[in-house]
Amino acid sequence: MDVLILASESCDPATEIICAPENVIELFEFSVPLFSIGPLDFTRTVVLTFLAMFIVIGLLYMGFRKRRVVPTKFGVAMESVVSFVRDDLAKGTIGPDGERYAPYLLSIFMFILVANLFELTPGINFPLTSRMAIPLMLAIFTWLIFVIVGFSKNGLHYLFDIVWPKSVPLALRWLVGLIELVSVFVLRPITLAVRLFANLVAGHLMLTLLLGSGWIFFAAVGDIGARSIIGIPWFLFGLGIFVFEFVVAVLQAYIFTLLSAVYIQTSVQPEH
Amino acid sequence: MEEIKGAIALIGYGLAAIGPGIGIGIVVGNAIQAMARQPEAANMARTTMFLGIAFTEALALIGFVLFFIA
């Protein structure tokens with residue numbers, strides 16, 4: 001259990017009670033592959049990525065396998081997720097054109113939700129999105145979609161409207177254009193990825209520290225005696241943070257999807 | 001006088017959290033005011049509130065990420 005909470009593979013609680021990693025990044029890296037197929041090494045992160053993928057596919061397949069007149073409870077739950085993403089996020093933000101982007105938004109929403117909830121799943125306790133590669137890749141997909149949509153819908157006007165905004169007074173136009181250019185093409189994908197990454201890293205660190213310190217105080221009862229009671233408030237505080245992290249996991253999946261929809265919307269209908 | 005130990009990045013993160021803390025307070029407060037004044041527009045206000053929170057929060061998170069880079 002302690003190995004899973006600390007998520008550190010070299011940690012041996014039998015010999016050493018407090019296995020503090022040398023660098024905090026070690027909490028998120030699994031450099032030892034679990035197994036290899038040919039030249040491909042499968043670390044814990046890769047295995048969990050595939051697991052998340054199969055969970056998303058499985059949930060949607062089970063929900064929509066058969067069309068029924070009276071849907072099952074599970075089917076209704078999946079339908080409400082799909083209609084939330086399609087109607088509220090895609091159509092509500094992008095407009096009537098948004099239905100085209102609903103499949104993409106649904107996939108990233110479900111994937112990020114499952115990957116975030118791995119943080120709280122007993123036995124896994126590792127949020128996939130706390131490895132920068134995964135949120136960065138998802139943000140690059142969003143970036144590609146809104147750039148390609150912008151150029152294909154508006155042609156080169158898309159770029160001109162960003163660099164040379166007509167609604168701004170002439171004296172400031174070049175400055176605003178420069179800021180807009182950097183913020184649209186560079187800062188948008190970076191902040192999109194960093195927001196998800198940093199939220200999940202912070203959550204994983206807090207859970208590790210609080211639950212781990214609680215466990216360490218309990219485990220050290222032979223050495224420090226009654227003073228190990230100090231582990232109880234830490235453990236309870238950790239459980240409180242556990243509930244808070246559930247909210248964060250769902251909210252971050254929602255915000256990533258919402259921001260993707262907003263970015264696509266600015267490409268579909270540029271400001272007049 | 002006692003010696004102070006630790007990473008200065010921690011102070012940097014603390015400083016980075018001040019501004020967004022105030023900002024998120026303003027965003028949520030005004031969103032609640034909007035929802036109370038016009039409950040029928042609550043859904044729109046909530047979506048926009050989350051957007052505002054996300055943009056503001058990013059500043060604090062950049063401070064947090066500097067802790068890893070530094």
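Student: What pattern does chain A follow, read along the sequence?

Tutor: Chain A follows α-β-β-α-α-α-α-α-α-α-α, which comes to nine helices and two strands. Helices (H or I, at least four residues) and strands (E, at least two) are DSSP runs, numbered from the N terminus. This is a predicted model, in which local features need pLDDT of at least 70, side-chain atom pairs count only at pLDDT 80 or more, and totals for chains, interfaces and linings use all residues. Residues are numbered from 1 along each chain as its sequence is written, while chains are lettered from A and ligands numbered from 1 in the order in which they are written.

Student: What makes α4(A) and α9(A) roughly antiparallel?

Tutor: Their axes cross at roughly 155°. Angles over 145 degrees count as roughly antiparallel, under 35 as roughly parallel, 65 to 115 as roughly perpendicular and the rest as oblique. α4(A) and α9(A) are therefore roughly antiparallel. The axes, which are lines fitted to C-alpha atoms over the stretch in contact, with angles from 0 to 180 degrees between N-to-C directions, come within 8 Å.

Student: Which residues of α4(A) and α9(A) meet?

Tutor: Among them are L105(A), F109(A) and I112(A) in α4(A), and A253(A), F256(A) and T257(A) in α9(A). Two residues are in contact if their C-beta atoms, placed from the backbone, lie within 7 Å. By class, this contact has eleven nonpolar, four polar and no charged residues. Ala, Val, Leu, Ile, Met, Phe, Trp, Tyr, Cys and Pro count as nonpolar, Asp, Glu, Lys and Arg as charged, and the others, Gly among them, as polar.

Student: Which residues touch the most other members of the largest nonpolar core?

Tutor: L105(A), F109(A), I112(A) and A115(A) do, in a core of 48 residues. α9(A) gives the most to this core, with eleven residues. A nonpolar core is a set of buried Ala, Val, Leu, Ile, Met, Phe, Trp, Tyr and Cys residues joined through C-beta atoms within 7 Å. A residue is buried if 20 or more other C-beta atoms lie within 10 Å of its own, exposed if 12 or fewer, and partly exposed in between. In chain A, buried residues make up 31% of the 272 residues.

Student: Where does chain A touch chain B, and how many residues are in contact?

Tutor: Eleven residues of chain A are in contact with eleven of chain B. On the side of chain A, α7 and α9 are the elements that give two or more residues, and α7(A) gives the most, with six.
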